[in-house]
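This report is written for a reader new to the structure. Please keep the sequence and the model in view while reading.

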Amino acid sequence: MRLMLVTVLEMEGYRVAAAANALEGLAELRAQRYDLVLTDYAMPGGTGTWMLQEAARGQALDHTPALIVTAHPELVRPSTRFTVVGKPIDLDRFLEQVRRILKMSERGTPAPVPRHAPAKIELVLYVSAASPASMQAQSNMERVLAAFDRAEVAYSVCDLQQNPETADHDRVVFTPTLVKRHPTPRLWIIGDLRDGDIVADLLRTSGVPPLT
């Protein structure tokens, strides 16, 4: 999957640096600046959110946007946790997502939508009404959020078709997509969020306390 995405992005004219695991990725982020970070969540050596958090802690990311792909497998080999056969990605829509994020990066990060109450993290889940994956993502989000202090989380659900201007503001093409608007760096997570650890990681690293 990594080699395929590198090839596709290079064919579109982008310069791409690839890393095989989280530690290599972190070293790359510390060595030079990138316009966009594309990462899987489950990688050897650490998760994608861990890699991004470590890079941000050392100011290696600055305000560089990041995109996490969580295309979960239909089949998992029982011999190992991470050897999987992934679902296919719609490359046309994926490339459109990349283009939109990079355009936003060129203009600078837009001001966040005002919140009614202070929160340590702002999350927006973009869904499509008729999509089973969107319904699954909503259910998975509620399950994870139930274990944390919701008073510290600004969370909303947005229908992509009914709110095209908001979706354009957040540069969203896919559904379901979870957008972390605050704190920086901005982050897009594509997928049904079946693995709740990715959202839990975001909440913890943003300082949202779990319920005891």
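## Contacts and overall make-up

Of the contacts in the protein between residues at least 6 apart in sequence, 71% join residues at least 24 apart; a contact means heavy atoms within 4.5 Å. This is a predicted model, in which local features need pLDDT of at least 70 and side-chain atom pairs count only at pLDDT 80 or more, while totals for chains, interfaces and linings use all residues. Residues are numbered from 1 along each chain as its sequence is written, and side-chain values use heavy atoms, with hydrogens and water left out.

The protein contains 7 helices and 10 strands, which are DSSP runs (helices H or I, at least four residues; strands E, at least two) numbered from the N terminus. Of its 212 residues, 43% count as buried, that is, under 20% relative accessible area with a 1.4 Å probe, protein chains only.

## Helix α5

Helix α5 comprises 14 residues, 132-145; at 1.5 Å a residue it should span 20 Å, and its end C-alpha atoms are 20 Å apart, which agrees. The expected span is 1.5 Å times one less than the number of residues.

The buried residues of α5 are Ser134, Ala137, Asn140, Met141, Val144 and Leu145. They cover an arc of only 125° around the axis, so they lie on the same side of α5; the arc is that of the directions from the helix axis to the C-beta atoms. These buried residues pack against β7 (121-127), β8 (153-159), β9 and α7 (197-205).

## Arg171

Arg171 lies in the loop between α6 (164-169) and β9 (177-182). With a relative accessible area of 11%, Arg171 is buried. Its side chain reaches the backbone oxygen of Arg100 at 3.5 Å.

Methods: Buried < 20%, exposed > 50% of the residue type's maximum accessible area, 1.4 Å probe, protein only. Polar contact = N/O pair within 3.5 Å; in protein donor to acceptor, adjacent residues only side chain to side chain.
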